Structures are given as C-alpha cells and as structure tokens.
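Walk through this fold from the inside out.

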Amino acid sequence: MSFFVEFMRNPMTVGAVQASGSALAEVATATVPATGSPVVVELGPGTGAFTAPVQRRLAVSGGRHIAIELNPRFATHLATRYPAVDVVTANAAALREVLAQRGVDQVDVVISGLPWAAFDQKLRHDVLSEVVAVMHPAGVFTTFAYVHARWSPPAQRLLRSLQSRFEEVVVSRTVWRNLPPALVYFCRRPITVTAEQRYESVVAASGSAGGQASR
Ligand SMILES: C[S@@+](CC[C@H](N)C(=O)[O-])C[C@H]1O[C@@H](n2cnc3c(N)ncnc32)[C@H](O)[C@@H]1O
C-alpha cells in the first residue's frame with residue numbers, strides 16, 4: 001500500500017504526500033488512556049500512522065477503536081493490518097450515524113488525521129459539529145497542523161473553529177522530527193450549547209446589565 005500513490009490519485013482528499021512519522025503519532029495519540037475501557041475514534045487514519053500507537057495503548061486498557069476512512073483502499077489495507085480495529089469506509093461527517101449503527105453514543109478520544117486545508121467551510125463545520133456532538137464532556141479531541149502552514153488562512157480558520165467549539169485548545173511543542181514538522185492541537189471541554197441557547201444567554205445577560213444601569 002503506497003501512501004504516495006494514493007496521494008497522486010486523490011491529492012485533495014489525501015492531503016499529504018507521505019504518512020505522519022512515529023514522533024508525531026506518539027504526541028497525537030498520547031491522549032488515549034491506558035486504563036479503563038475508552039472508546040477511541042480515529043478520523044482519516046490513512047495507512048495507520050496513528051493506528052499502531054492507539055492499538056498499543058488500548059492493548060493495556062482494553063478499549064474500543066473505531067477508524068473512519070473515506071478512501072476504500074486505505075480502509076481495506078487498515079482492516080487487514082489491524083483486525084482489532086473496527087474500520088469503516090465512510091465520510092467523517094457521518095460520524096454520529098456510524099456510531100449509532102454500533103450503539104455508541106459517547107466517545108472518550110477522537111484523533112483526527114483529516115486534511116483540513118483541503119476542506120471547504122461546510123465540511124469543516126459538519127465534521128467538527130459531529131465531533132462535539134459525540135464527545136464525552138471529559139473527552140479530548142486531537143488534530144494536527146503543519147508548522148510551515150500554521151499562519152495560513154485555512155489553518156487560522158481551523159484554529160478559530162476549534163476555539164469556538166472547545167473551552168480549551170492547547171497547542172503542543174513543535175514536532176521537528178516529523179516531515180514536515182507539525183503541531184498537535186489538544187481540544188478539551190466541548191461546548192455543546194446551541195447557537196440559539198448562546199444568543200438567549202447573551203440577551204439575558206444584556207437585559208440584566210441594562211437593569212443594573214437603570215437603577
Ligand atoms: C493527511 S492523510 C493522514 C493519514 C494519517 N492519519 C497520517 O497522519 O499519516 C488524510 C487522511 O484522511 C482521509 N480523509 C480525507 N477526507 C476524509 C473524510 N471526509 N472522511 C474520512 N477520511 C477522510 C484521507 O483519505 C487520508 O487517509
């Protein structure tokens with residue numbers, strides 16, 4: 001299975017010329033608990049750069065590992081290589097549906113290898129909304145960005161989207177041993193209020209502020 005050949009076939013959906021290295025994989029998957037029985041979802045696993053360290057950690061904790069991959073060739077390769085992983089050929093934007101089919105309603109860890117820079121606004125919005133909807137309140141979402149593109153408009157849009165959906169977004173140190181060097185975003189405390197609820201709380205707060213001002 002060649003990552004590069006798949007990139008040449010589908011440059012926009014594969015989004016990178018080579019798979020992530022082991023140094024980046026260790027940082028991105030460090031959030032997987034080695035105790036309890038966590039449910040871990042991987043989005044865009046490709047050839048499995050993050051799959052191996054997730055499986056190593058779950059071997060201790062005995063958790064569940066679901067991987068959602070759009071490319072059927074990657075999915076077939078992954079399912080053969082990691083029989084303990086529940087590999088689903090699907091769009092990450094169908095996350096809730098995939099989990100519902102498996103009777104899973106909450107996830108402890110979501111690890112994304114998705115090529116955000118290639119996503120339009122709607123797909124980014126849809127995928128992140130699905131992630132927030134399924135996250136356990138104490139869960140964690142990790143995703144990565146390349147350092148050279150950190151200040152580009154797509155990377156900045158992704159960061160703003162993350163900050164609007166999670167109370168905490170922590171950026172890792174630079175993983176220089178990845179090619180290209182990368183950063184990992186650790187996102188915690190998903191914000192589950194709807195836009196309508198947020199609007200109502202703003203209106204209520206401004207109403208009470210007005211009341212104080214008039215006294
Ligand atoms: C940059 S590669 C990362 C692969 C791997 N996680 C790694 O770090 O080496 C992006 C992966 O996301 C997959 N992908 C792209 N769009 C997707 C989508 N909407 N849903 C699920 N997977 C998607 C691609 O097929 C590819 O395997």
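In this predicted model, the largest nonpolar core has 50 residues. A28, V40, I68, V110 and V131 have the most contacts inside this core. Strand β5, residues 135–146, gives the most to the core, with 5 residues. V131 shows how the packing runs across the sequence. Leaving aside residues up to four places away in sequence, V131 touches L95, V110 and F141.

Now take the sheet. Seven strands form an open sheet with mixed pairing. Their order is β3-β2-β1-β4-β5-β7-β6. The edges are β3 (86–89) and β6 (166–171), each of which pairs on one side only. From one strand to the next, the twist averages 20°.

Strands of a sheet pair through backbone hydrogen bonds, in a parallel or an antiparallel sense. Strand β1, residues 39–43, runs parallel to β2, and 5 bridges join the two. V39 stands opposite R64 in β2. By contrast, β5 pairs with strand β7, residues 182–190, in the antiparallel sense over 7 bridges. There A145 stands opposite L183 in β7. Helix α5, residues 72–81, packs on the sheet and touches β2 and β3. The direction of α5 makes about 165° with that of β3.

Which residues come nearest to the ligand? Of the 22 residues around the ligand, they are A19, S20, G44, G46 and G113. By class, the shell has 13 nonpolar, 8 polar and 1 charged residues.

Finally, check the backbone. Most residues other than glycine have a negative phi, and most peptide bonds are trans. Two sites depart from this. The peptide bond from L179 to P180 is cis, with omega near -5°. P180 sits in the loop between β6 and β7. The other site, R189, lies in strand β7. Phi of R189 is near 60°, a positive value in a residue other than glycine. Is R189 buried, exposed or partly exposed? R189 has 15 other C-beta atoms within 10 Å, so R189 counts as partly exposed.

Definitions and conventions. Residues are numbered from 1 along each chain as its sequence is written. This is a predicted model: local features need pLDDT of at least 70, side-chain atom pairs count only at pLDDT 80 or more; totals for chains, interfaces and linings use all residues. A residue is near a molecule or strand if its C-beta atom, placed from the backbone, lies within 6 Å of it. Ala, Val, Leu, Ile, Met, Phe, Trp, Tyr, Cys and Pro count as nonpolar, Asp, Glu, Lys and Arg as charged, and the others, Gly among them, as polar. A nonpolar core is a set of buried Ala, Val, Leu, Ile, Met, Phe, Trp, Tyr and Cys residues joined through C-beta atoms within 7 Å. A residue is buried if 20 or more other C-beta atoms lie within 10 Å of its own, exposed if 12 or fewer, and partly exposed in between; C-beta atoms are placed from the backbone. Helices (H or I, at least four residues) and strands (E, at least two) are DSSP runs, numbered from the N terminus. Two residues are in contact if their C-beta atoms, placed from the backbone, lie within 7 Å. Two strands pair if DSSP finds at least two bridges between them. Axes are lines fitted to C-alpha atoms, for helices over the stretch in contact, and angles run from 0 to 180 degrees between N-to-C directions.
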